[in-house]
Amino acid sequence: MTTKETIDLGEFQFQSGESIPSLEVAYETYGEFEGDNAVLICHALTGSAHVARRPDAGDGTAGQARAWWGDVVGPGKAIDTTEYYVVCANAPGSCYGTTGPSSTNPETGEPYGTDFPPVTIGDWTRAQRRLLDELGVGRLHAVVGGSVGGMNVLDWLRRYPDDVERAAGVATAARLDAQCLALDTVARRAITSDPNWNGGHYYGGAEPEEGLARARQIGHIMYLSKTSMARKFGRRSAGRETVQETPPDPAAAFFPYREVESYLDYQAEKFTDRFDANSYLYLTRAMDDFDLSAGYESDADALAAFEGELLLLSFTGDWHFTVEQAEVVAEAARDADVNVAHHVVDSDHGHDAFLVEPEKVGPPLSELLETGLSGRTITDTNPEIEDENDSFAPVHTSLFSK
């Protein structure tokens, strides 16, 4: 059983204090709700509610045709929709069906543009909680998310700790580091310096496609590792017939147009066809603003009320959300006496690993949902764990190797 719906949650006040008269949330559900089997999945930055493949024609959501985690979520998959009632909702501020800057302001009849209130990850969590209330879902069997969706998971643990039995944060962190903040800043300025941005009120006219394209290219560089880029592209020439430079650079004709350039241009062209520039601004700011310890004395204090189980997955080749950043969260959870495991996956795919290596992501997630952290494929960076007999046993840092 699957559903693809939009629900109006009515007036919504954002953490900024600003309100909108109507927050519509696009969501999809998979499987049947049995009272205690609900799993909420939190999407990454430019993801949608379309997390798993659907049997209905088209299999698309607002221009995003492919299910973004279709190899992990579905019948017989790691997050098995024949066992669990899976819910995925598009975040406020996005452009895949949930109210955001490109939506019509009912009070003016015009798109909000940058008059839309600032959005935080806390707003995403609160909207998800209200959606689940409407669906009749109380306590979640699990909440799972990757990248900024993993930050969304951590926000659930500090905001609604009693509502979650198990949680998985995949390729995520308690906060972004300075390098990623800097790159996000440059990406946003690529958009806002595009002449067509027009202060965010470009709807109905020329859109800031060039600025959005450059912003997305910066993002793609962040998502790949040096090793994966060397393997995929090297220094190979792509051929002049594929050049898409705008405006054209006459001097460039002397030099090779490389495969890595072609890849970035192709990804940018696809992205500008399906995503809204203002939404990119809003969602990256929400990610940059997140700090697990905000309002608390420490990360440990923020997690202290959570009494369930927390699994953290990180990837050795990921420099966007690093293994070290995940370990900071794991150490905070241990300090707070939260039952936690930090499972490190050996991978050279970079940040994209959580999307492109389902064979490594799936087993620990499946076992977390089925048996908890005692699952045999789940490992921990903590070199010693205490068993029920007060003895200690070593735990390997990673089960998988390339």
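Arg 166 sits buried in this predicted model, at a relative accessible area of 12% (buried is under 20%, exposed over 50%, partly exposed in between, with a 1.4 Å probe and protein chains only). Residues are numbered from 1 along each chain as its sequence is written, and side-chain values use heavy atoms, with hydrogens and water left out. As the model is a prediction, local features need pLDDT of at least 70 and side-chain atom pairs count only at pLDDT 80 or more, while totals for chains, interfaces and linings use all residues.

Arg 166 has a salt bridge to Glu 309, at 3.4 Å from N to O (the rule being a side-chain nitrogen of Lys or Arg within 4 Å of a carboxyl oxygen of Asp or Glu). Arg 166 belongs to strand S10 (residues 164-170) and Glu 309 to strand S11, so the bridge ties together parts that are 143 residues apart in sequence. Strands here are DSSP runs of E with at least two residues, helices are runs of H or I with at least four, and numbering starts from the N terminus. Glu 309 is buried too, at 18% relative accessibility. Arg 166 also forms a salt bridge with Glu 165, where the closest N and O atoms are 3.9 Å apart; Glu 165 is partly exposed at 28%.

The salt-bridge count comes to 18. Another of these pairs Glu 327 with Arg 334 at 2.9 Å, with Glu 327 buried at 17% and Arg 334 partly exposed at 23%.

Instead, the Asp 318 side chain makes a polar contact with that of His 351 at 2.8 Å, and reaches the backbone nitrogen of His 320 at 2.9 Å. Polar contacts are N or O pairs within 3.5 Å; within protein, one atom must be able to donate a hydrogen and the other to accept it, and residues adjacent in sequence count only if both atoms are side-chain atoms.

As for nonpolar packing, the largest core has 75 residues, with Leu 310 among those having the most contacts inside it (a core is a set of buried Ala, Val, Leu, Ile, Met, Phe, Trp, Tyr and Cys residues joined through side-chain atoms within 4.5 Å). Helix H7 (residues 277-289) gives the most to this core, with seven residues.
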